[in-house]
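Please keep the sequence and the 3D view open while reading this note. The points below go through the structure one topic at a time.

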Amino acid sequence: MKNEFKTTRRGFMSVTAGIAAATAFGGAGVVFAKGSGNIGFAMETYTVPRWKNLDRPSFEKAVSAGGFKPITNQADFKVEQQLSDVENLLTVGVDALAIVAVVAEAGVNMARKAKRAGVPVIAYNTAIPSKDVDVYVARNNRGVGQKAANAALAAGVLKGNWIIASGQAGNTVAEEITKGYYDILQPLIDKGELKVVSHLFHDGWDPDAARRQAEDSLTSTNNDVAGFLCNNDGMAGGVIGALQKAGLAGKVFVTGQDATVEGCRHILLGNMALSSFTLFDQMGTIAGELAVKLAKGEDLGITQTYDAGNGVVIPYMPVEDRDITRENMVEYLKQYSPVYVDAKAVLEGVPKEKWPQGAESLL
């Protein structure tokens, strides 16, 4: 579905915004600064490499280039902390706000508070099902899941017993990627050719929780497992740890996401088939530039839309993603080492016979 949205800051500001915002925060004494010259970025974490090495710096650079001061904070995957972070940003004063919601439904409340404060909102990476969101910037998460499952189908291994390790429950990234898996798996499940023996969501995208899930699944199936679909490389690493313990690493199809150093090493060692990577530097830049436009009250000129659920359709700016495999590893590392992944760290300890062609040029 495509409609043209002309989203501007002025489009939703009202003379009662300050009063409404104060009421929303539970105190009539709360005052929000207008025209502060700041743009906020409420992130879910700094610990995952993509956030500190690509998303955050590229966003901040674009905001600074637009004449605004970026202010960022992170919630350590904690919903209550993120709510407090957003309140703090609004109290300090921001002219636009990007939110990486830990949980989508909690993001609805955050977007509402920002709107009442007269601050336009970008849902970044994670969709927020709220009409208070001005634009959603992200990859096609459902497509990421579909491509991972289709890779297993192309490899001829999408049959038998499979395990899905999903990220944070309520997080639209985790939920959409998982829906993408099932788009491909469900017809095979219906035919009786494939069984999902375990599917769990893991708070904080916890690798140890994924490892325990893998151990339990291997025990329950007597090691009769064809593959694992994992929402990110951290959880894939936990799964691979369990497979190594069982002597099955390299014999079971495993997917991940974010193409981290750990993920790339597992791909070269044969422990993992692929890791989906999004051009996070472009994503941060795009969001930063859009935030500047919103802060200035300019038209975004976006025509694509995204169905965020609950009957909410919001403007959408898609970002490219690609599957990183052994075949395109060198090209990937040339582009993103050392700013995101260090090629030397990826190759260190990996037998040279497992290096992809051209890897020597990376050292």
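1. The largest pocket of this predicted model has a volume of about 240 Å³. Its lining is made up of 20 residues, and those closest to the pocket centre are Val-48, Trp-51, Trp-205, Asn-232 and Asp-258. Two elements, α2 and α8 (233-245), each give two or more residues to this lining. The largest share comes from α2, with three residues.

2. How many cavities of 30 Å³ or more does the structure hold? There is one cavity of that size. The largest cavity contains about 50 Å³ of space. Its lining consists of Val-144, Ala-148, Ile-177, Tyr-181, Cys-230, Asn-231, Thr-255, Gly-256, Gln-257, Leu-274, Ser-276 and Asp-323. The largest share, three residues, is that of β10. Rolling a probe the size of a water molecule over the atoms shows where empty space of this kind is left.

3. Strand β10 also holds Val-254. Val-254 has a relative accessible area of 0%, so this residue counts as buried. Not counting residues up to four places away in sequence, Val-254 touches Phe-228, Cys-230, Ala-236, Ile-240, Leu-243, Asn-271, Met-272, Ala-273 and Leu-274. Two of these, Cys-230 and Leu-274, are also listed in the lining of the largest cavity. Between Val-254 and Ala-226 there are 9.0 Å from C-alpha to C-alpha, with the two residues 28 places apart along the chain.

4. Is Asn-271 buried or exposed? Asn-271 is buried, because its relative accessible area is 8% and the cut-off for buried is under 20%. Leaving aside neighbours within four places in sequence, Asn-271 is in contact with Ile-240, Gln-244, Ala-249, Gly-250, Val-252, Val-254 and His-266. Ala-249 is 22 residues from Asn-271 along the chain, and their C-alpha atoms are separated by 5.4 Å.

5. Now the cysteines. A search of the whole structure finds zero disulfides. Cys-230 is in no disulfide, and the nearest cysteine sulfur, that of Cys-264, is 15 Å away. A disulfide is a covalent bond between the sulfur atoms of two cysteines. Both cysteines are buried: Cys-230 has a relative accessible area of 1%, and Cys-264 has a relative accessibility of 0%.

6. Thr-45 lies in the loop between β2 (38-43) and α2 (49-65). With a relative accessible area of 0%, Thr-45 is buried. Its side chain makes a polar contact with the side chain of Thr-47, at 2.7 Å. Apart from neighbours within four places in sequence, Thr-45 is in contact with Trp-51, Gln-74, Ala-75, Asp-76 and Phe-77. Trp-51 is also among the residues closest to the centre of the largest pocket.

7. The other loop residue is Gln-168, placed between β7 (160-166) and α6. Gln-168 counts as buried, at 10% relative accessibility. Beyond residues up to four places away in sequence, Gln-168 touches Val-102, Val-103, Ala-174, Phe-201, His-202, Asp-203, Gly-204 and Trp-205. Gln-168 and His-202 are 34 residues apart in sequence, yet their C-alpha atoms are 5.2 Å apart in space. Trp-205 is one of the residues closest to the centre of the largest pocket.

8. Last, the confidence of the prediction. The mean pLDDT of the protein is 91, and 91% of its residues reach 70 or more. Over residues 1-32, however, the pLDDT is below 50. This stretch has 66 contacts in the model beyond near neighbours in sequence. Where pLDDT is low, the predicted coordinates should not be read in detail.

Definitions and conventions:
Residues are numbered from 1 along each chain as its sequence is written. This is a predicted model: local features need pLDDT of at least 70, side-chain atom pairs count only at pLDDT 80 or more; totals for chains, interfaces and linings use all residues. Side-chain values use heavy atoms; hydrogens and water are left out. Helices (H or I, at least four residues) and strands (E, at least two) are DSSP runs, numbered from the N terminus. Buried means under 20% relative accessible area, exposed over 50%, partly exposed in between (1.4 Å probe, protein chains only). A polar contact is a pair of N or O atoms within 3.5 Å; within protein, one must be able to donate a hydrogen and the other to accept it, and residues adjacent in sequence count only if both atoms are side-chain atoms. Contact means heavy atoms within 4.5 Å. A disulfide is a pair of cysteine sulfur atoms within 2.5 Å. pLDDT is the predictor's confidence in each residue, from 0 to 100. On a 1 Å grid over the protein atoms alone, a cavity is a set of points where a 1.4 Å probe fits but cannot get out, and a pocket is an open set with protein on both sides within 12 Å along at least five of seven lines; lining residues have an atom within 4 Å of a point. Grid points are joined across faces, edges and corners, and a volume is the space filled by probe spheres set on the points.
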